Amino acid sequence: KDLVDFALNSLGLGQVIDTIQALGTDYWNQIKQIATQLLFAGQQIWQQATVVFQQLVADLQNHATDALPLVVQAIGQLTALVGQSGKRDLVDFALNSLGLGQVIDTIQALGTDYWNQIKQIATQLLFAGQQIWQQATVVFQQLVADLQNHATDALPLVVQAIGQLTALVGQSGKRDLVDFALNSLGLGQVIDTIQALGTDYWNQIKQIATQLLFAGQQIWQQATVVFQQLVADLQNHATDALPLVVQAIGQLTALVGQSGKRDLVDFALNSLGLGQVIDTIQALGTDYWNQIKQIATQLLFAGQQIWQQATVVFQQLVADLQNHATDALPLVVQAIGQLTALVGQSGKRDLVDFALNSLGLGQVIDTIQALGTDYWNQIKQIATQLLFAGQQIWQQATVVFQQLVADLQNHATDALPLVVQAIGQLTALVGQSGKRDLVDFALNSLGLGQVIDTIQALGTDYWNQIKQIATQLLFAGQQIWQQATVVFQQLVADLQNHATDALPLVVQAIGQLTALVGQSGKRDLVDFALNSLGLGQVIDTIQALGTDYWNQIKQIATQLLFAGQQIWQQATVVFQQLVADLQNHATDALPLVVQAIGQLTA
């Protein structure tokens, strides 16, 4: 049984379910919703509600023909009770269900680490199945009895219990938060139907379901109605699943947008328990905060084992920051080092992969790559930019990508015009966002936002070198990026403490970073510009015209990186046309290249 069944049966409604369901879906849904909410409303509200439900059951058994007014009256009384509660979340429910209410103070006194582990285990047990739950209940009962009798020896008792419970949770092989969200919304019966539509639609449903957990009670209730309708429609019209799912995604995306609630970064940070120390970390500067956010988000995709190891590091960091806030910097630096190593072990995806998969492109990557590096690079660049373009632009772009995926699956042989059309629509959307280009992204990812003015004050030469190095590092590989991050962290700290001595500090950092970039064996800014503009396929043709034309193309391509989004987009159109013309008329390359250089120079 899921949480709804548990609530209904705990309140004794099993005998009158048929009677209430006979009144229609609306009343039945309200009863189910109230019953579930009561699980989190606290002991006092629960007891008062139990009295109402007992009276309702008795009345319905004696006056089944008068069921409607009895149920309406009960819903009114129960809604009022739920409103009073303003109560607890899933963690509270798990702790109280396991009988820990009497020993919470004792466990909390041992420190945040032990308390967080107990909370995490208690919540996981809700999804571990009846057998694991019963075994865990025995362990918790013993722990409560031992703590009440031997409170001064609490630490070894809690450690022993955590060990036993962790082993039990590991046996369960059970569900994560995504599974909980999907099942809470009643999607368990139609998962196969939605998955059959492709990864894109399934990923969107999972993402929406998880976001709804944090969107507030009002949005959750409205979304529940949409999901109930979707489930009913899919069960009755499974062969028409696609339009039904697309319609539901549209309605749900609008609801999530209304919530003004948190994105994936917020979810990751809060899941890792960082909510209490955010201000402390942010006070260290954008660089450290950005690294923590990036690591937290990467961990969502790093697998259960890495997540658990990282959770221990974060718990220790939170405890240390709460006890030693004035020494925050070395604590955060140490944690970032440990966490970066863990993320590196996971072999998981970078930001580009995350963006592509979040937009549902996993199924059509081969099709797009087959069109050539130019189109693939543009799609990657657009997908990454969209991560920073705001919720509204992201939602509009998601619709374009959904259509592109559907079209490519149905018309793979006509992929080129479909991708070109999508790139045009998406480029326009990214342009609307007023968001940052790749240089801005690189600078901010490396935490340089706080010292830009200081570096710029040294002159264009140093600033351009820093920008060039920052952009090159995006392509230098994880190992070089991590080493460079340490150099940039030191530079930011030094510039904040010794701004009047900025020149030797920046020169020293440029030397170290140039050496790192050289080690990477990766592309420089010219290569990046040429490839971003899709020229990889026609380099030989242009080079064959002589050094002069080739140098002009390289110079223009590099200048465009810093010319702003609008100019870049116009230039991309010229380069796309040039590539197409050179592939079709390679023997007439000279006039085509001369014409393009003229347009681009202008």
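Visitor: What share of the contacts in the chain with a separation of 6 or more comes from residues 24 or more positions apart?
Guide: The share is 73%, where a contact means heavy atoms within 4.5 Å. Before we go on, this is a predicted model, in which local features need pLDDT of at least 70 and side-chain atom pairs count only at pLDDT 80 or more, while totals for chains, interfaces and linings use all residues. Residues are numbered from 1 along each chain as its sequence is written, and side-chain values use heavy atoms, with hydrogens and water left out.

Visitor: How many helices and strands are there in the chain?
Guide: The chain has 35 helices and 0 strands. Both are DSSP runs numbered from the N terminus: helices are H or I with at least four residues, strands are E with at least two.

Visitor: What makes I31 buried?
Guide: Buried means under 20% relative accessible area, exposed means over 50%, and partly exposed is in between, with a 1.4 Å probe and protein chains only. I31 has 0% relative accessibility, so I31 counts as buried. I31 sits in helix α3, and beyond four places in sequence it touches L8, L13, I20, F53, V71 and I75. I20 is 11 residues from I31 in sequence, with 8.6 Å between their C-alpha atoms.

Visitor: Why is Q251 called partly exposed, and why is Q479 called exposed?
Guide: Q251 has 41% relative accessibility, so Q251 counts as partly exposed. Q479 has a relative accessible area of 60%, and therefore Q479 is exposed. Q251 belongs to helix α15, and its C-alpha is 9.9 Å from that of F227, 24 residues away in sequence.

Visitor: How much of the chain counts as buried?
Guide: Of its 602 residues, 46% count as buried.

Visitor: What makes a set of residues a nonpolar core, and which residues have the most contacts inside the largest one?
Guide: A nonpolar core is a set of buried Ala, Val, Leu, Ile, Met, Phe, Trp, Tyr and Cys residues joined through side-chain atoms within 4.5 Å. The largest has 30 residues, and L212, F227 and L252 have the most contacts inside it. Two or more of its residues come from each of α11 (177-184), α13 (199-212), α14 (217-236) and α15 (241-259). Leaving aside neighbours within four places in sequence, the contacts of L212 include I219, W220, F227 and L252.

Visitor: How do you know that the length of helix α8 agrees with its number of residues?
Guide: The expected span is 1.5 Å times one less than the number of residues. Helix α8 (residues 112-125) has 14 residues, so it should span 20 Å, and its end C-alpha atoms are 20 Å apart, which agrees.

Visitor: Why is α23 called mostly covered?
Guide: In α23, 12 of the 14 residues are buried, among them Y375, W376, I379 and L386. The buried residues of α8 include W115, I118 and I121.

Visitor: How are two packed helices described?
Guide: They are described by the angle between their axes and the distance between the axes. Helix α3 (residues 25-38) and helix α4 (residues 43-62) pack at about 150°, with axes 10 Å apart. Axes are lines fitted to C-alpha atoms, for helices over the stretch in contact, and angles run from 0 to 180 degrees between N-to-C directions. Here I31, I34, A35 and L38 in α3 meet I45, W46, A49 and F53 in α4.
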